[in-house]
Amino acid sequence: MALAAVGALTAAMLAIGSGPAAARDADPSGAGPANVAPARVGAGAERAKAPAAGVRSRLSTTYPYVPPPPPPPPAPDVPAICLQRPHIICASKSEKTLRYFESGALWLSTPVAFGRPGYETPAGLWSVKIKDPNAWSYPYSAWMPYSLEYDLVRGIYIHYSSTYGSIGPGYIGSHGCINIGSLETARTLFNRVPLGAAVYVY
């Protein structure tokens, strides 16, 4: 009986040593279980659900508004033939404008002067027969730089005119040729237009 009582007393003492007092002995602060920090929000498995650092959700991505490009300018009101030939110069006497088209696309446009009264530039369809960068007019003793001759019968050219270039819109007109007032424009047209290109005056 004495041995049994001793065993029971030993078991009771061991149970008491494993309780809250033991926890206080293991924790120097003496706070016991109440001192255990609570779990942080977003820790553990929940943190795996968040996007990686520096990665933004596609739904939250915004871009600045970019307006659509403006519509292309309207095509000039020209005769259908000007849009049907691979290379054609179309010269409008009413608009005093020369336009050069390649396969329907406008490549160059420039103001021009036509023949003065009594020397009117004839209307019609021709083709460029001769290209001469330094043509000379024997009847009128005048240089005709960057000339495109298209009417061999009448001797009519498209060429630069320094007189038209210096006077401008008040220029009375040529002796039948189509004059360009800009030397650079005349050079550009001369270099671009091939022999055989159509010339339509209307």
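Strands here are DSSP runs of E, at least two residues long, numbered from the N terminus. I am working from a predicted model.

**Entry 1: strand β9**

I looked up the partners of β9. Strand β1, residues 87-92, runs parallel to β9, residues 198-201, and four bridges join the two. I then turned to β4, residues 124-127, which pairs with β9 in the antiparallel sense, over four bridges. In that pairing I find Gly 124 opposite Val 201 of β9. I note that β9 therefore has a parallel pairing with β1 under the rule of at least two bridges, and an antiparallel one with β4.

**Entry 2: the largest pocket**

I next went to the pockets. For the largest I read a volume of about 490 Å³. Its lining has 27 residues, and I list those closest to the centre: Ser 137, Tyr 140, Met 144, His 159 and His 175. I checked which elements give two or more residues to this lining, and they are β5 (130-137), β6 (142-151), β7 (156-160) and α3 (162-167). Sorted by class, the lining of the largest pocket comes to 14 nonpolar, ten polar and three charged residues.

**Entry 3: the second largest pocket**

The second largest pocket holds about 190 Å³ of space. I count 15 lining residues for it, with Lys 96, Val 112, Ala 113, Phe 114 and Tyr 171 nearest the centre. Which strand gives the most to the lining of this second largest pocket? I find that it is β3, residues 105-113, with three residues. By class I have nine nonpolar, three polar and three charged residues in the lining of the second largest pocket.

**Entry 4: cysteines**

I searched for disulfides with a cut-off of 2.5 Å between cysteine sulfur atoms. The count comes to one. The pair is Cys 82 and Cys 90, with their sulfur atoms 2.0 Å apart. Is this disulfide left-handed or right-handed? I read a torsion of about -120 degrees about the S-S bond of Cys 82 and Cys 90, so the disulfide is left-handed. I also looked up burial for the two cysteines, and both Cys 82 and Cys 90 are buried.

Note on methods: Residues numbered from 1 in each chain as written. Predicted model: local features only at pLDDT ≥ 70, side-chain atom pairs only at ≥ 80, totals over all residues. Heavy atoms only, no water. 1 Å grid on protein atoms, 1.4 Å probe; cavity = no way out; pocket = protein on both sides within 12 Å on 5 of 7 lines; lining within 4 Å. Points joined across faces, edges and corners; volume = space filled by probe spheres on them. Nonpolar A, V, L, I, M, F, W, Y, C, P; charged D, E, K, R; others polar. Buried < 20%, exposed > 50% of the residue type's maximum accessible area, 1.4 Å probe, protein only.
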